[in-house]
Amino acid sequence: MSETPAGKTGVLLVNLGSPASPKTGDVRRFLREFLGDPRVVNLPRPLWWLILNLFVLPFRPRKSAHAYQSIWTEQGSPLIVFSQRLTEKLKARYGGPSLAIDCAMRYGAPTLRDKLRELKKQGVDEIVVLPLYPQYSSTTTASIFDIVADEFIHWRHMPGLRFISDFHRHPAYIAAVADSVRRHWQQHGQAEMLVMSFHGLPAKLTEWGDPYYYQCQASARLLAEQLGLADAQWKLVFQSRFGRAEWLKPYCVEVLQELPRQAIKNIDVICPGFSVDCLETLEEIALANREVFLEAGGESYRYIPCLNDSDAHVELMLELIRTAR
Ligand SMILES: C=CC1=C(C)c2cc3[nH]c(cc4nc(cc5[nH]c(cc1n2)c(C)c5CCC(=O)O)C(CCC(=O)O)=C4C)c(C)c3C=C
Ligand SMILES: [Fe+2]
Ligand SMILES: [Fe+2]
């Protein structure tokens, strides 16, 4: 028997994932896995199974496939491409014999289980799981933890585990996003208002103890403070309502329709809850919601991209690996 060499850490950046292709069949497969996760939809299983199979999966995939087609690139889904490029840069800069770095998706491929097993094969004695969600939600972050915990059940020799639940007020995160806004202002000038759009959630989840709503509020307020914005110069909104239940408010679309009526016709829009650009930012925010704002009488709508694979994002990842809990 040989001894395991001491002191090797494995880091896994984890994001939501995308369909294998923007074809309806692949989108249906992806949505079946995603929306079948009890963390994402909390209804009783038999009831949700019926709704999902009778009312969602026969219709939604075709509509979503169109949306995916509008943002798909030669290299694939922006969410996966950016997440992997970020990982490659981090690896090239800081990876080595004592630090293995890789990237996995919660739904679709590359799977979280495969990547955890690859790290195990490399003999790491600590695994750092870093979900690419600055704000914790049971629907996203906890769902990643479920897979890690379930995978570990089968491991005889469990390594140390550090799971980074959130980094919504980490100074390095706030600074990196604020810097990206300032750079945008330097190039394009500052609009009358900065709209910060976060992915929505069913409102009930907050009552049930999900801290996501409060973490979004905290991130937005810290960003506004760092940028020296007065209250009238920024607004937090929630996008991507799904289904009929009440979601977190204010709804992005309603605010965009209202702003021109309040004589605010010139806005910058940023999505601080998304680490990399994806369907939700590129199609919904940068394309569809722009039309909503312009049709309501808005004049200028500038979308500020996510941190994506920028050097600032690579440094943020390193800082989180070093300091976040
Ligand atoms: C950033 C955090 C996210 C939270 C919180 C979140 C909750 C949540 N989402 C849905 C339903 C859908 N989301 C979809 C896509 C999608 N969602 C996130 C992030 C969060 N979701 C991302 C990054 C993406 C994009 C994936 C990509 O490939 O680019 C979709 C699929 C597309 C569509 O059909 O619109 C659905 C559906 C629910 C129900 C939910 C919380 C309950
Ligand atoms: Fe979502
Ligand atoms: Fe959406």
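Some ground rules come first. Residues count from 1 along each chain as its sequence is written, while chains are lettered from A and ligands numbered from 1 in the order in which they are written. As this is a predicted model, local features need pLDDT of at least 70 and side-chain atom pairs count only at pLDDT 80 or more, whereas totals for chains, interfaces and linings use all residues.

The protein chain carries twelve helices and eight strands, which are DSSP runs numbered from the N terminus (helices H or I, at least four residues; strands E, at least two). Its C-alpha atoms fill a box of roughly 75 × 50 × 40 Å along the principal axes. The radius of gyration comes out at 20 Å, which agrees with the value near 20 Å for a compact globule of 325 residues; it is taken over C-alpha atoms, and the globule rule is 2.2 Å times the number of residues to the power 0.38. Of the 325 residues, 38% count as buried, that is, with 20 or more other C-beta atoms, placed from the backbone, within 10 Å of their own.

The chain splits into domain 1 (9-166 + 312-323) and domain 2 (171-304), with bounds from an automatic or database domain assignment. Their C-alpha centres sit 24 Å apart. Domain 1 puts 22 residues into the contact and domain 2 puts in 23, a contact being two C-beta atoms, placed from the backbone, within 7 Å. On the domain 1 side, H3, helix H4 (78-94) and helix H12 (311-323) each give two or more residues. That side has 13 nonpolar, seven polar and two charged residues; Ala, Val, Leu, Ile, Met, Phe, Trp, Tyr, Cys and Pro count as nonpolar, Asp, Glu, Lys and Arg as charged, and the others, Gly among them, as polar.

The buried residues of H4 include Leu79, Phe82, Leu86 and Leu90. Among the elements covering the buried residues of H4 are strand S1 (9-15), strand S2 (99-105) and H11.

Around ligand 1 there are 20 residues, of which Ser18, Ser64, His199, Cys278 and Leu279 come nearest; a residue is near if its C-beta atom, placed from the backbone, lies within 6 Å. Helix H3 (60-71) and helix H11 (279-295) are the elements giving two or more residues to this shell. By class, the shell has ten nonpolar, eight polar and two charged residues. Domain 1 and domain 2 each supply at least three of the shell residues.

Conventions. Buried ≥ 20, exposed ≤ 12 C-beta atoms within 10 Å, placed from the backbone.
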